[in-house]
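Here are my notes for your first look at this model. Have the viewer open and follow along point by point.

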Amino acid sequence: MMEFDREEHGSERTDKNCENGIINTETHAPGTEEDHKSCEDNEENQKTWSLERNWGFTLQELFGLALKFFKEMNGKAFNPTYEENLRLVALHKQITLGPYNPEACPEIGFFDWQGNDRRKEWLRLGSMAKEDAMEDFVKLLNSCCALFAPYVTSHKIEKEEQEKRQREEEERLRLEREEQERRRLEEEARRREEEEMRIKEEEQRRKEEAERLQIEQQKEQIMAVLNAQTAVQFQQYAEQQYPDIPDHQQLLIRQLQEQHYQQYIHQALQMQQMASQNQQEDSNALPAPVLKEAVPTCNPNNQSNSLENHEQQSDSKAFHLCVEGKTGEVAIIAPSMWTRPQVKEFKEKVLHDEDSVITVGRGEVLTVRVPTHQHGSHLFWEFATDHYDIGFGLYFEWKDLTIPTDSKIEGESTTDANEGTAQAEKEKPTEQGRRPLVNEVVPVSRRDSHEEVYAGSHQYPGEGVHLLKFDNSYSLWRPKVVYYRVYYTR
């Protein structure tokens, strides 16, 4: 209330000054109209700023609240005087319709004294500006009703709360947008990582597939070479096992070929390891000289030939012997060995022949001698045992080759050599101080023949006798029953 009074006094002084200014401009200088307009603009800005600072609303918003309060509370919460009511109505018409215009306004009856009073009050306002009329309306309503200021204050608080909620909502929306953006970036990063991982896995899979195909191709090439060497032997063995059953024969041949391939790979790895060890020992013993040597190149077109040569080199064993004072070379082809699980069926077949079941006593070594046949080319053997394993080895005793009695072949024990010599003397007398040459074909090692049937074949290296040794010398308590079968093929 007091603030509005002070503002009224200030505005009255401003109006008087402006009126004096207008009089001065009319009296003194005709060129000061622009100064007068700038003065009015400054006054309007000061009034607007003052209202907003005091009430917290713009002039337009404050007039809207005042008009709403007047319409809702007139005659209820407050009762203005007749003059105040005329003034408020006239100010409202000045704001909404502008200055009074007799031509635009309808005529009022002579006895409508209230309408005539309102028309006179409106006419008294003259050309008052709309903003001034709004300000006078607010001031007059505030002066005549003490409830208007709290009403505006409550709306101010509500406005502040609404603005606060709006700011909070904007902040929430901003955080949500930031969170969505962060999740989007994380999702894009995750997708990129998954894509990169998928590409790496795809490359790794292609690489592994290429390596697998290369290994399969190499295996096929190696097996083609090996199968070409053992086709006749395996076919004859399969016919012996399953006569007149071609399907079983083909299945057995495939099993034998796969086992032969695995043995070849195992031997090749062992040879490679031995070669690397020997090379390392040589490099540690002597400094390696720098030599300019031709490096062999690998031609894919000759890969099968190189595999065949490598097979022949790895499967052959060369022995340099002294035969009657002369140096000679005898080749022993490495045997082919495999296993099959039909132990029970094999024993049932062998039981029909009493000579094919032998007992090796505890701590004993039993040798089965099988001479080469004049019409044969390969020796085949099969054996199995009851309940326990047994040692097995294969040797070849030459018919026409002899060595001094005190000499020793690598891989042959002294006892075996003496045994072979004694048995050879029974069949054919030799010169005094010499004995038949015996070469090791398969070293003696323990075989789990109670679980699988152990079988193999060996190409005749020449004329002589194959020695099948069943070794039970490591067993001090148990004799072993051996079921075996030996035959030759053409």
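1. Ground rules. The model is predicted, so take note that local features need pLDDT of at least 70, side-chain atom pairs count only at pLDDT 80 or more, and totals for chains, interfaces and linings use all residues. Residues are numbered from 1 along each chain as its sequence is written, and side-chain values use heavy atoms, with hydrogens and water left out.

2. Look for an open, antiparallel sheet with the strand order 3-9-6-11-4. Strands here are DSSP runs of E with at least two residues, helices are runs of H or I with at least four, and both are numbered from the N terminus. Two strands pair if DSSP finds at least two bridges between them. Strand 3 and strand 4 (357–360) sit at the edges with a single partner strand each, so one side of each has no neighbour in the sheet. Direction ignored, neighbouring strands are turned by 25° against each other on average.

3. Four of the five residues of strand 3 are buried, so the strand is largely enclosed by the rest of the structure; buried means under 20% relative accessible area, exposed over 50%, and partly exposed in between (1.4 Å probe, protein chains only).

4. Which residue forms a salt bridge with Arg340? The partner is Glu382, with the closest N and O atoms 2.8 Å apart. A salt bridge means a side-chain nitrogen of Lys or Arg within 4 Å of a carboxyl oxygen of Asp or Glu. Arg340 is in strand 3 and Glu382 in strand 6, 42 residues apart, and both residues are buried.

5. Seven bridges join strand 5 to strand 10 (residues 464–471), and Val365 is partnered with Asp471.

6. Helix 7 (residues 148–241) lies across strands 3, 6, 9 and 11. Within the helix, Glu194 and Arg190 meet in a salt bridge (2.4 Å, N to O); being four residues apart, they are separated by about one helical turn. Glu194 is partly exposed at 43% relative accessible area, and Arg190 is partly exposed at 35%. Glu258 and Lys219 form another salt bridge, at 3.4 Å: Glu258 lies in helix 8 (residues 246–285) and Lys219 in helix 7, so the pair ties together parts 39 residues apart in sequence. Glu179, Arg182, Arg183 and Glu186 are linked in a salt-bridge network. The whole structure has 27 salt bridges.

7. Helix 6. Don't skip helix 6 (residues 130–144), which has 15 residues. Its buried residues include Phe137, Val138, Leu140 and Leu141, and also Glu135 and Lys139.

Key
Axes are lines fitted to C-alpha atoms, for helices over the stretch in contact, and angles run from 0 to 180 degrees between N-to-C directions. Contact means heavy atoms within 4.5 Å. The expected span of a helix is 1.5 Å times one less than its number of residues.
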